[in-house]
Amino acid sequence: MKTKFLLLTSLVSEKNHSSYMALMILIDKLTKSLENGDNVLGIFLDFSKAFDTVNHRILLLKLEYYGIRGAALSWLDSYLKNRKQFVTYNNVKSSMKHVNCGVPQGSILGPLLFLIYINDLESVCVNTFPILFADDTNIFMSGKDTRELEIKMNDELIAISKWLKVNKLSLNVKKTHYMIFSPKRILNQEINLQIEGYPINRVKSTKFLGVFIDEKLNWKSHISHVCGKISRGIGIILKGKNMLNRDALVTLYYSFIYPYYIYGNYVWGRANATTLKPLILIQKKCVRIICNVKPRYHTNELFKQLGFLKCSDIITI
């Protein structure tokens, strides 16, 4: 039984790699495994307060191990230590408290330092393929026999649990879940997975790096989510239609609607025509509103006037 993908390690953290690369690698691996007739078991881990619980001493030891030494290590040590914070509520400020652990959130270095901190997680993943992208950390295993997958994954979870304790991290088990991707049309067989004695729940769809992935890879859940977001954007355009000119409405389109058509479309854009149809219809509705024409007005000429790409053109770019 094939149970191990090639390890990704920290590919997604390198220069010129982003969440796009992580998504493409994941979907490529899933698709190839399903084409080979394998089931794929994926666990989507949720760290509890991930950035806030990074141990400074352990982080500095790992940085030194990776070759950051001397003045560079001292600078990072200074960057992490002697930080203070306070809370403001109803215009009342609390006293200043020292921050003894964690990496600064909202900073450029924060996600990178966290990824370095968890980078050696792959060393304990003997039978699984991990994807490490900041605090979005997931592990996958493929094979024919689901019961064997269950046994091997539970062994892997024991090793991960030990790694978490050593690195002073913890999981939010309620938000940690698993999915089964199967070449069969329906796979009702449940798998019993546990970590630290807590059961891990199965879901049919989950959000990974801004894209909803479902167990059938038909992208219906993601496209439904995108349509909801676009509907809210259209609501903004409707409110401004009587006060703004067309150029301003076009700007709103590119701000609140177009980004949802382009993000991740290299994976979900390969959905069948029926699944994609709601996105096509809602885009036409938006174009008619911007051009102030009747609901059934033909849109081909309107797309040309506005210089908009149609949904079908966007997903083939």
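**From a loop to a helix pair**

Guide: Asparagine 91 is exposed, at 80% relative accessible area. Exposed means over 50%, buried means under 20%, and partly exposed lies in between (1.4 Å probe, protein chains only). This is a predicted model, so local features need pLDDT of at least 70 and side-chain atom pairs count only at pLDDT 80 or more, while totals for chains, interfaces and linings use all residues. Residues are numbered from 1 along each chain as its sequence is written, and side-chain values use heavy atoms, leaving out hydrogens and water.

Asparagine 91 sits in the loop between strand E3 (88–89) and strand E4 (92–93). Strands (E, at least two residues) and helices (H or I, at least four) are DSSP runs, numbered from the N terminus. Asparagine 91 is not a glycine, yet its phi is positive, about 65°.

Now to our part. Leucine 217 also has a positive phi, near 55°, and is not a glycine either. Leucine 217 lies in the loop between strand E13 (211–214) and H6. Leucine 217 is buried, with a relative accessible area of 17%.

Next comes the helix itself. H6 covers residues 220–240 and packs against helix H7, residues 246–256. The angle is about 165°, and the axes are 10 Å apart. H6 is therefore roughly antiparallel to H7. Here is the scale: under 35 degrees is roughly parallel, over 145 roughly antiparallel, 65 to 115 roughly perpendicular, and the rest oblique. Axes are lines fitted to C-alpha atoms, for helices over the stretch in contact, and angles run from 0 to 180 degrees between N-to-C directions.

Which residues meet? H6 brings Gly233, Ile236, Ile237 and Gly240. H7 brings Leu249, Leu252, Tyr253 and Phe256. Contact means heavy atoms within 4.5 Å. Six of these residues are nonpolar, two are polar and none is charged. By the classes used here, Ala, Val, Leu, Ile, Met, Phe, Trp, Tyr, Cys and Pro are nonpolar, Asp, Glu, Lys and Arg are charged, and the others, Gly among them, are polar.

Arginine 232 is in H6. Arginine 232 is exposed, at 54% relative accessible area.

Ile237 is among the residues with the most contacts inside the largest nonpolar core, as are Phe140, Phe181, Trp219, Leu279 and Ile290. This core has 51 residues. A nonpolar core is a set of buried Ala, Val, Leu, Ile, Met, Phe, Trp, Tyr and Cys residues joined through side-chain atoms within 4.5 Å. Helix H10 (residues 273–291) gives the most to this core, with eight residues. Another core, of 43 residues, lies apart from it and includes Leu41 and Leu73.

Leaving out residues up to four places away in sequence, isoleucine 290 touches Ile237, Arg246, Leu249, Val250, Tyr253, Leu306 and Phe308.

One more loop. Threonine 299 lies between H10 and helix H11 (300–306). Threonine 299 is buried, at 4% relative accessibility. With the sequence neighbours up to four places away left out, threonine 299 touches Lys284 and Arg288.

Finally, step back. The protein has 12 helices and 13 strands. Of its 317 residues, 45% are buried.
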